Amino acid sequence: MKRSRINEIMAQADDMIRSHGFTLPPFAYWTPDEFAANATAARALIEARCGWDITDYGDGDFDKMGLFLFTLRNGRLTDLQRGGGMCYAEKLLISKQDQLSPMHTHVIKAEDIINRGGATMVVELFGSDDNGNFAEDRGGMVMCDGIARTFAPGEKLSFAPGESLTLMPGDWHAFWGEGGDVLIGEVSTVNDDETDNIFRAPIGRFSQIDEDVPATHLLVSDYATRLNP
């Protein structure tokens, strides 16, 4: 993706988030130089990979297949492993109209996906085989606003603003906005986007960046090369 396009997506996303009554934390608006100057104090944010995250999954067509995310907070895998401490994460996502977030599952993460506002959120669901692999012929059971619901293989569930879906490890899912763009909240166990996203198709989680202009704000994928806390 071109850095100029990423900068544009950030500005548009910030406008949408604000239009629904949310405001991103102060570090979201640091310039790259400000982030570098604060890197030591912000070490926990950097290690938890909190911040801006924009991907086209390596496909090269963000509007067709892509996702905007901002990780607001993220816990520690060591706390999750010992069963106490900061075992949770929270994100804001924007799924544009007909923009696919492709079929995937998680090994560790359980998550609530909440339609925070906008159009309809559509989620396509499949179950897993006995080894956790994608199973085209298996459905399963999910919780919709705390109510158990059985789904058939490939069933598409629709969620209006205020409605939510709970997904457990092994629940294969893809999602998109229908009728317009959707602001999505995600509340989950500790999140590791580098290792805990298992895609059905052989695609990448992060985009290659064409640095055609300077970055307005750093992406989480920039931290390793641009910051040295």
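Reader: Where does Leu69 sit?

Author: Leu69 is in strand E2, residues 67-74. Helices (H or I, at least four residues) and strands (E, at least two) are DSSP runs, numbered from the N terminus.

Reader: What kind of model is this, and how are residues numbered?

Author: This is a predicted model: local features need pLDDT of at least 70, side-chain atom pairs count only at pLDDT 80 or more, and totals for chains, interfaces and linings use all residues. Residues are numbered from 1 along each chain as its sequence is written, and side-chain values use heavy atoms, with hydrogens and water left out.

Reader: Back to Leu69. Buried or exposed?

Author: Leu69 is buried, because its relative accessibility is 4%. Buried means under 20% relative accessible area, exposed means over 50%, and partly exposed is in between (1.4 Å probe, protein chains only).

Reader: Which residues does Leu69 touch?

Author: Leaving out residues up to four places away in sequence, Leu69 touches Gly51, Trp52, Asp53, Lys91, Leu92, Leu93 and Arg205. Contact means heavy atoms within 4.5 Å.

Reader: How far apart in space are Leu69 and Val142?

Author: They are 23 Å apart, C-alpha to C-alpha. In sequence, 73 residues separate Leu69 and Val142.

Reader: New topic. Where is Thr55?

Author: Thr55 lies in strand E1, residues 51-55. Thr55 has 0% relative accessibility, so it counts as buried.

Reader: What does Thr55 touch?

Author: Not counting residues up to four places away in sequence, its contacts include Met1, Phe62, Arg205 and Phe206. There is also a polar atom of the Thr55 side chain 2.9 Å from the backbone nitrogen of Tyr57. A polar contact is a pair of N or O atoms within 3.5 Å; within protein, one must be able to donate a hydrogen and the other to accept it, and residues adjacent in sequence count only if both atoms are side-chain atoms.

Reader: And where is Tyr57?

Author: Tyr57 is in the loop between E1 and E2. Tyr57 is buried, with a relative accessible area of 5%. Its phi is near 55 degrees, a positive value in a residue other than glycine.

Reader: What about phi of Asp98?

Author: Phi of Asp98 is near 60 degrees, also a positive value in a residue other than glycine. Asp98 is in the loop between strand E3 (88-95) and strand E4 (101-105). Asp98 counts as exposed because its relative accessible area is 52%.

Reader: Next, how many salt bridges?

Author: The count is 18 salt bridges. A salt bridge is a side-chain nitrogen of Lys or Arg within 4 Å of a carboxyl oxygen of Asp or Glu.

Reader: Which residue pairs with Asp210?

Author: Asp210 forms a salt bridge with Lys2, and their closest N and O atoms are 3.0 Å apart. This pair links distant parts of the chain, 208 residues apart. Asp210 is in the loop between E12 and helix H5 (223-226), and Lys2 is in the segment before helix H1 (3-19). Asp210 is partly exposed at 37% relative accessibility. Lys2 is partly exposed at 45%.

Reader: What does Glu211 pair with?

Author: Glu211 and Arg3 meet in a salt bridge, 2.7 Å from N to O. Here too, the pair links distant parts of the chain: Glu211 is in the loop between E12 and H5, Arg3 in helix H1, 208 residues apart. Arg3 is buried, with a relative accessible area of 0%. Glu211 is partly exposed, at 44%.

Reader: And what meets Arg49?

Author: The side chain of Glu194 does, in a salt bridge of 3.7 Å, N to O. Arg49 is in the loop between helix H3 (43-48) and E1, while Glu194 is in the loop between strand E11 (172-189) and E12. They are 145 residues apart. Arg49 is partly exposed at 22% relative accessibility, whereas Glu194 is exposed at 54%.

Reader: Which residues join into one network?

Author: Arg3, Glu211 and Asp222 do, through salt bridges that share partners.

Reader: Last one. How many disulfides?

Author: The count is 0 disulfides. A disulfide is a pair of cysteine sulfur atoms within 2.5 Å.
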